[in-house]
Structure formats: structure tokens, C-alpha cells
Amino acid sequence: MRIFNSLGSNYNSYYLLRGFFNVFNENKNNKLKSLLEKKYNGKVIFYYKGREAIEVALRILSLPKNSYVAINGLTCLVVDKAVTNAGYKCQYLDIGEDLNFSPNSLHKALIINSNIKAVIVQNTLGIPVDIQKIKKICDDNQLVLIEDLAHCAGTVYGDGGLAGTIGDFTVLSFSQDKIIDSVSGGALIIRNKKYLDKIAKTKKKNIPITWIIRDILYPKFTFIIRNLYYLNIGKVIHRLLRISNLLSIPIDLNVNNLHNLPKWYINMAYDYIINLDFDLIHRKKISKIYSDNLNNNIIAKDIITKLNKSTNIRFPIFAKNRNKLVKYLEHGGIYISDIWYDSPVAPLKFQSISNYKKGTCSNAEKLSELILNLPTHKNINENEALNISKLINKWITTQ
Ligand SMILES: Cc1ncc(COP(=O)(O)O)c(C=O)c1O
């Protein structure tokens, strides 16, 4: 068995087939728009990346220059960059065991920093935040609330509300390995009508055709790489494609402007969303196998109790000798070195270009050194999840 956390793990042969036909199919722009408008109750605008949608949501607020945006203390660099590109500063909120900032952490930050004007919740790995309390704090302090659904399109909050139906703005990412995956793409949903007229001022460019070709080929390339990995040929192809810049990468720092989302991505996202419920059921089943079978020392109780409401995009475990465990699993054909997240503003290798200062979020620093994610995507079955659990339990006994 060869199992990956990323590298096109959301794709199967059906996806490849759709990838081919969607080059020629009619544009599903209107269908996708009306589906999302109904689901999230707002005006939908598409972008080439989710980060562009976050940036636009923040830009149209026209906040004073020294404003701060509160973001999760464990997040992706592109969220941090979206805030600074919009002209604001990041207020990182430290996280709890559930990988999210708590209402209390937001409340405390507001006492220290009265320039916080907006808040982004991300429901890390699909695990729901306490949205009602966070919303109340936002309302009481006139803060704009943005729900970033990159991990959590399908998460249900504790009170039963669907993630993305509470805040002023909802942001979707359709990028590779996300809960909706059309290789790249994003959407901004303006839910609060008072911001509707501001959107006309933001202009978008077309992306170069080379990006489109690279993204259309990505599912095919990664399918080949994954299937030939056991022969080492896969590794060589992977390296060659990366060196030659033919493989789309999730954190492409060259993507700096706002862009239209071409037809192919829209069609792929539409098809993905139509089938999302099946995916979520599968992910939940796989997560349950991990939570039922893994040694308790390696999982977090606070997360386990929320799995039922989560999208379960990845299953988090926490291990002291993380690198050793990664190597051990690689011997068994399980490749999970791609970690969400390996530093408060991830990935660690780009830490120096983020605005995060060491010591700001001590819990996030500690947890990001321990966390590993187990796969729950469609290319892992129940037996494989059970085998992974057994392998990890065996490894624990050797430590
Ligand atoms: C929490 C979170 N939000 C938003 C994004 C933005 O996604 P995109 O790659 O579509 O810009 C990411 C990307 O990694 C993310 O991890």
C-alpha cells in the first residue's frame, strides 16, 4: 500500500475523467454561483485562490491603516499574507488543544489591542470553533467576522449551524488537498449586504494559459507519481516535474494579484461540491477508525469529541519524536511528512517571511512541533486506516 497526505490524494480515475471532459463542457459558472448563493446566502465572486478572496474581503472593509485582523495562531502563510496584502497587521490568537483560538483568547486580545477590527475563523482541520460566543464578541465590539472554509466546508457548529452561514463574509478555497479540490480556485461570499456595493472597485486579471495547462495536468501527473512511487520512478518523475516547474504547488508566492477563475476550475469545483457529502461521510468513517483504534496518548480528547461535527479533512495526532514516526511510516509506504501545520504560520520553511514573532502563541508553537496528520481522503480505505493505526500503536511501544 502507498498512501500520501497530499500529492493529489483527492483524485481518482473518475476525477481524471472529469478533468478531461471539463475542458470541453459548457461553463457551469451560473450553476456553481446559484448553488453557493443558496447554501451560504450571499453574493458569490470567484478567484484563482482562496487567499485572494480573503484579501478582497479585507480590502473592501476600508479599515484605518493601523488596523489588525485576528487570525488563528496556527495557520497557513497565505492567510497571513492576505492580511498584509490588504494593508493590515495580523493579531495571532493562541490556540487550544482543538487547534483553534477560543472566544476567551479573542476577548483577551481585544483588551490589549483595541485596533483589532476583523476576525478570521478557520475551524482548523474542520474542527468547529465555538462560533456563537465568537460571534457575540464580534457583535459587541463591532468586529467583522470572516469564516474561512478552506478546511471546513461542511463543518457543523455546536448549535447545528453550517460553517459559512454566520459571519459577514465566507471564503472558500478550491485548492489542491482542500476539502473542495479543483487544483486551484476560491470564492468570496459577501453575506453582509452593506459591503455589496464596494466589490465593484476591485479588478481582476486573467491568469496565464500556462498556469491553466499546469493545473489541468496536475491530477494526471500526481496520479502517475503516486502509482509509480513503489518503483522509485515515481520519486524521480516527481523531482523532475518540480525542478522544471511543471507541477502546481499549493504555496506559490508568485501569485500576488487578483485573478478570474477560468471555466475548467469552476466546472471541477461544481462537480466536487455535488459529491461532497459522500466525501464527508467517508472522511468521518476513516476518522472514527483512527479515534477508536489509536493509542490514547497520541490523540487529543478535545478533538475527538468534535469529530462528529468536523469535515475531518485530516486526522491530527501528536507525537514527541515526530520525524522518527514519519520515517517509520515511510517504510510501510505511508507518506505523511506534509504537515498542517508545522509552525504557527506554516510552512516552517517560510517562517522568516511571515510576520509572526516567536513567543506570541506558545501553545501553537508547542503543538506545531508535535502534530502530524493522518489521511482521510478517498484514496484510503477502512482496512488501510486500521493498519496505519496498528503501525502507529506498535511504534509507540518502541519509544
Ligand atoms: C486555513 C487556510 N485558509 C485559506 C487558505 C488559502 O487557500 P488558497 O491556496 O486557495 O489560497 C489556506 C491554504 O493553504 C489555508 O490553509
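In the predicted model, Asp338 is partly exposed, with a relative accessible area of 28%. Its salt-bridge partner is Arg314, and the closest N and O atoms of the two residues are 2.8 Å apart. The pair links distant parts of the chain, with Arg314 in strand β10 and Asp338 in the loop between β11 (334–335) and β12 (345–346), 24 residues apart. Arg314 has a relative accessibility of 3% and counts as buried, because the cut-off for burial is under 20% relative accessible area.

A salt bridge also joins Lys306 to Asp98, with a separation of 3.1 Å between the closest N and O atoms. Lys306 is located in the loop between α11 (301–304) and β10 (314–318), and Asp98 in the loop between β5 (89–93) and α5 (103–112), so the pair ties together parts that lie 208 residues apart in sequence. Asp98 counts as buried at 10% relative accessibility, whereas Lys306 is partly exposed, with a relative accessible area of 22%.

Within helix α6 (residues 131–140), Asp139 and Lys135 are placed four residues apart, about one turn of the helix. These two residues form a salt bridge in which the closest N and O atoms are 3.1 Å apart. Asp139 is partly exposed at 47% relative accessibility, and Lys135 is likewise partly exposed, at 25%.

A search of the whole structure finds 14 salt bridges. Arg18, Lys28 and Asp271 are linked in a network of such contacts.

How values were computed. Residues numbered from 1 in each chain as written. Predicted model: local features only at pLDDT ≥ 70, side-chain atom pairs only at ≥ 80, totals over all residues. Heavy atoms only, no water. Salt bridge = Lys/Arg side-chain N within 4 Å of Asp/Glu carboxyl O. Helix = DSSP H or I, 4+ residues; strand = E, 2+ residues; numbered from the N terminus. Buried < 20%, exposed > 50% of the residue type's maximum accessible area, 1.4 Å probe, protein only.
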